[in-house]
Amino acid sequence: MSVTTKAAVPAGTTPPAPRSTVSDGESGIGTFVRRLFSQRALPYLLLLPATATILVMLGWPVVSVVLTSFRKLDLGELFQGKIVWNGLDNYRVILTDPQFWQITLRTVLFTAACVICTVGGGLLVALLMKHVHGWVRVVLQLALVLAWAMPILAATTVFQWMFDQNYGILNKTLVELGFTGFHHYSWFQTGLSTMTVIVILITWQGIPFVAFTLYAGVLGVPADLYEAAGLDGASNWQTFRSVTWTALRPLVNVVTFLSLLWDFKVFTQVWAIRQGGPDGGSQTLPTLQYLKGIATSHFGAAAAVSVIMILALVVLTAQNLRLMLRTEEVD
Amino acid sequence: MGRTKKRLASVVGLLVAAVFAFPIYWMVTTALKPANQLLSDDYDLVPLGVTFQHFIDGVSKKGFLNSLENSLIVALVAVAFALVAGLLAAVPLARLKFRGRKGFLLLVLVAQMAPFEALLIPMFLMIRSFDLLNVLPGLILVYFAAALPFTAWTLRGFVKGIPVDLEEAAMVDGCGRWAAFRRVTLPLLGPGLVATSVFSFVTAWNEFLYALTFLQDTSNVTLPVWLSSFVSVFGVDWGGAMAASTVFTVPVLIFFLVVQRNLVSGVTAGAVKG
């Protein structure tokens, strides 16, 4: 690195000398600009736009959400620009509301269901990809890319149509297969079945990424390990456990962690399908935050919900952040 | 692995492929089906006729073109900003030694993990105080900030992947530092820039929560918000909804096919390793 800088200084200073005799009038500004860009200031100048953006657009909101969570901030205070501190009132109200705990529990179970289905399904698809004929693999990968590429809201819309009570293809198929009870069955009548539809949707969208990542891991397992296992007379299951699973475990950890982060924060699918309904039966923490804050203008209370969400995410993130820093130290 | 086993796996593989492709098949065929076929109790997996009426209706529906335009503007401008600021930050972080480098790296890393969804309330209050509610720049600003850490971090990885010797050789040949970067490193960064911008574009194109919150005037929304209100307001016009969804999907599909090779490495590089 330092070699570059040393080499650059003479290279940078020699050519300008003749140039400055040509345009003498600008030399003052020219030198200033040159000094600015060739000296130690360069990295800081280059980093300035990104740093400023991150601090203003991310740093400040993090501070602000904590401050706001200790304020009484409804529509009245917002329009008058009044600052009314109310200490822990927002938290007290939220944490003593049994509905909040119900929603939190639902969010946790929902996240767990999404993560288990996505990672489990993705692992199965990745292993399947290894064992199919070449052309089948191409077809399968194309289908996965299609599913992955579909915009979230387009997918949500299509799922609503497939699960439609009257003309949805799912009910029609089930009736065709002999499950006549599904004739005009409403999937959005209870919170539980609504959540089930959302979990299916998220799993369908999430599996491609997991499958491709794990398939890359499967390909990375050296063939001689399988040969050795074969020579030792290991069964399929033993081979999977001692060879494939050992190689895949770090990757499985990563995709599990990422799915956990993504699924905990899901808003789009939940809101677009029934806006947390029926009767709040599919409400999760992100929709609660939106409802409390934006829809009903209790910004202080909503900020408290946000802080609780952030704390939960920090707990989830800390481990991964440490891992990344360690990687950084190595290279 | 026995032959029958492989055949069995292939059959299962095709079934799985069918499951994953089906919603897209269903979206496109529904959009093409004549209206009377949509609302019937018959079991019809194949369209009995083809009509483009839903596309014509859907596209001419109030607000569609406007929201398409909004989505394009917001996503493209935010990505362009993120690309410029991200590249400016990526180069020193990858190539230069300076005091505080580690601190900047940490800042970018931590920013990348920021739970944007949980910052809705302070963002709303901030954008409101900037007087940027209901106009596109407010949304652009948020998408820019959301895409920036990922962009900077991923591009840093790509810059590091290009041997610095190449630039040094160009400087020995008489190029200045900037010329060496522009003529040697920048062209080699092409694929990285494309992959990074596609990811940021898709994220912005998909974004729903902030679009729903910031653009409260129903005549001025982005495509996801328009589509969601379309379904709840005209719940029965599934042909139109599917046609609009198809139009919504096409740009992303094209992008995905372009960067298909870098898909996984792009995401995992940004999220997991350096």
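**Note on aromatic rings, cysteines and annotated spans**

1. A:F159, A:F163, A:F182, A:Y185, A:W187 and A:W204 are joined into a cluster by ring pairs. Rings of Phe, Tyr and Trp (its six-membered ring) pair if their centres lie within 6.5 Å; planes under 30 degrees apart are stacked, over 60 edge-to-face, and the rest tilted. The count over all chains is 36 aromatic pairs.

2. This is a predicted model, in which local features need pLDDT of at least 70, side-chain atom pairs count only at pLDDT 80 or more, and totals for chains, interfaces and linings use all residues. Residues are numbered from 1 along each chain as its sequence is written, chains are lettered from A and ligands numbered from 1 in the order in which they are written, and side-chain values use heavy atoms, leaving out hydrogens and water.

3. B:W226 and B:F230 have ring centres 4.8 Å apart and planes at 20°, so this pair is stacked. Both residues are buried (under 20% relative accessible area; exposed is over 50%, partly exposed in between, with a 1.4 Å probe and protein chains only).

4. A:R274 lies over the face of A:F188, 4.2 Å from the ring centre, and B:R128 over that of A:F79, at 5.1 Å. The rule asks for NZ of Lys or CZ of Arg within 6 Å of the ring centre and within 35 degrees of the ring normal.

5. There are 0 disulfides over all chains (a disulfide is a pair of cysteine sulfur atoms within 2.5 Å). The sulfur of A:C117 has its closest cysteine sulfur in A:C114, 7.2 Å away, which is too far for a bond. A:C117 is partly exposed, at 36% relative accessible area.
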